Amino acid sequence: MGKRWSCKSTAENLLAQAKTKVAALGERGIQPHLAVVLVGEDPASKVYVSNKIRTCESLGIKSTFHKLEADTDTDALLAVVDELNRDTKVHGILVQLPLPKQIDESRIIAAIEPDKDVDGFHPVNVGRLSLGEPGLFPCTPMGVIALLRQSGHSLSGKHAVVVGRSNIVGKPMAQLLLKENCTVSIIHSRTQNPAELCRQADIVVAAVGRPGLVDADWIKPGALVVDVGINEITDRAQAENLIPADSKKMKAFNEKGRVLYGDVHYFSCLDKAELVTPVPGGIGRLTIAHLMVNCVAAAELQQ
Ligand code: NDP
């Protein structure tokens, strides 16, 4: 029987690391400054943005919030990014994704000054990661690496399987695991026999957006399982399929009619894996903590 893999102490370590550097920069008269841009009214994005701003405040990182109307077009958003790029008092720029459909997301990402790109999505930072050069790298996969390192397990030579190949999680995750000397496989929607491939993994990172896709049949006994997925479940039949009737999570579903669930079938995988991260309260907190590390790194880069 495996264990719930708490991400709390890794997140606290990342935040403490950022706080120490904020203090060191403060002694030189520099306060890291993050500009957060939100376009539209997406409720999940609003929650993410307010969590990020609150965490900045708790560490002494200055944040400014730029709220734009839902019908903003690409050129108008490019003008905001350009202004923030030229503002020497702003060290980090975060444009909250996803953007409304009328905006060309890749043009916006490419317009952010790479050394202010705290999300690590700019093509220059993607290239730096791929080449093994220093840069700002995506917060979720960086948080996962911090968790794996802190686990005390050796990563070198281990077979890591990443489920999902998005630009923001799957691909950078695979690059970072490769950098740790793992042997890396990537599963995507066209992969044949994904469960068979995944069963060979010592480390599984699931970032798919499909609740409970990775179940016990995908897991080798003793594997380390990281669940990046955040999905809202509102369908009772689906909830009953994923969540034991007598669990706290089912109680929460019964009370609220909705619950957050990851891409890993948590309760079945616990029987086989050594460690499984929970959702919520798992990788999400590492993502925000690593964003703070990137804000400080961006401020340092610009000195
Ligand atoms: P995307 O939708 O951009 O990518 C999903 C990936 O999963 C794609 O590569 C897709 O393959 C693959 N996929 C879809 N269905 C299957 C399947 N049946 N079998 C195998 N692979 C499949 O998602 P993101 O990477 O942006 O996000 C993934 C999850 O992580 C979401 O739940 C999201 O909410 C969550 N997330 C959580 C974060 C956190 O802080 N914890 C941060 C970012 C995301 P293909 O390329 O072939 O289409």
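This is a predicted model: local features need pLDDT of at least 70, side-chain atom pairs count only at pLDDT 80 or more; totals for chains, interfaces and linings use all residues.
Strands of a sheet pair through backbone hydrogen bonds, in either a parallel or an antiparallel manner. Strand 2, made of residues 33-39, joins strand 4 through 4 bridges in the parallel sense, and Ala35 stands opposite Ile93 of strand 4.

**The cavity**

Ile93 also belongs to the lining of the largest cavity, and a search of the whole structure for cavities of 30 Å³ or more returns 1. The space within the largest cavity comes to about 70 Å³. Its lining is made up of Ile93, Leu94, Val95, Leu97, Leu99, Ile108, Ile109, Ile112, Asp117, Asp119 and Phe121. Two elements, strand 4 (92-95) and helix 4 (105-111), each contribute at least two residues to this lining, and the largest share, 3 residues, is that of strand 4. In terms of residue class, the lining of the largest cavity holds 9 nonpolar and 2 charged residues, with no polar ones.

**The pocket**

The second largest pocket contains about 430 Å³ of space. Its lining consists of 20 residues, and those lying nearest the centre of the pocket are Gly135, Phe137, Met142, His290 and Asn294. Helix 6 (139-150), helix 7 (170-179) and helix 12 (283-301) each provide at least two residues of this lining, with helix 12 giving the most, namely 6 residues. When the lining of the second largest pocket is divided by class, 11 residues are nonpolar, 3 are polar and 6 are charged.

The two spaces are set side by side below.

| Space | Volume | Classes in the lining |
|---|---|---|
| Largest cavity | about 70 Å³ | 9 nonpolar, no polar, 2 charged residues |
| Second largest pocket | about 430 Å³ | 11 nonpolar, 3 polar, 6 charged residues |

Notes. Residues are numbered from 1 along each chain as its sequence is written. Side-chain values use heavy atoms; hydrogens and water are left out. On a 1 Å grid over the protein atoms alone, a cavity is a set of points where a 1.4 Å probe fits but cannot get out, and a pocket is an open set with protein on both sides within 12 Å along at least five of seven lines; lining residues have an atom within 4 Å of a point. Grid points are joined across faces, edges and corners, and a volume is the space filled by probe spheres set on the points. Helices (H or I, at least four residues) and strands (E, at least two) are DSSP runs, numbered from the N terminus. Ala, Val, Leu, Ile, Met, Phe, Trp, Tyr, Cys and Pro count as nonpolar, Asp, Glu, Lys and Arg as charged, and the others, Gly among them, as polar. Two strands pair if DSSP finds at least two bridges between them.
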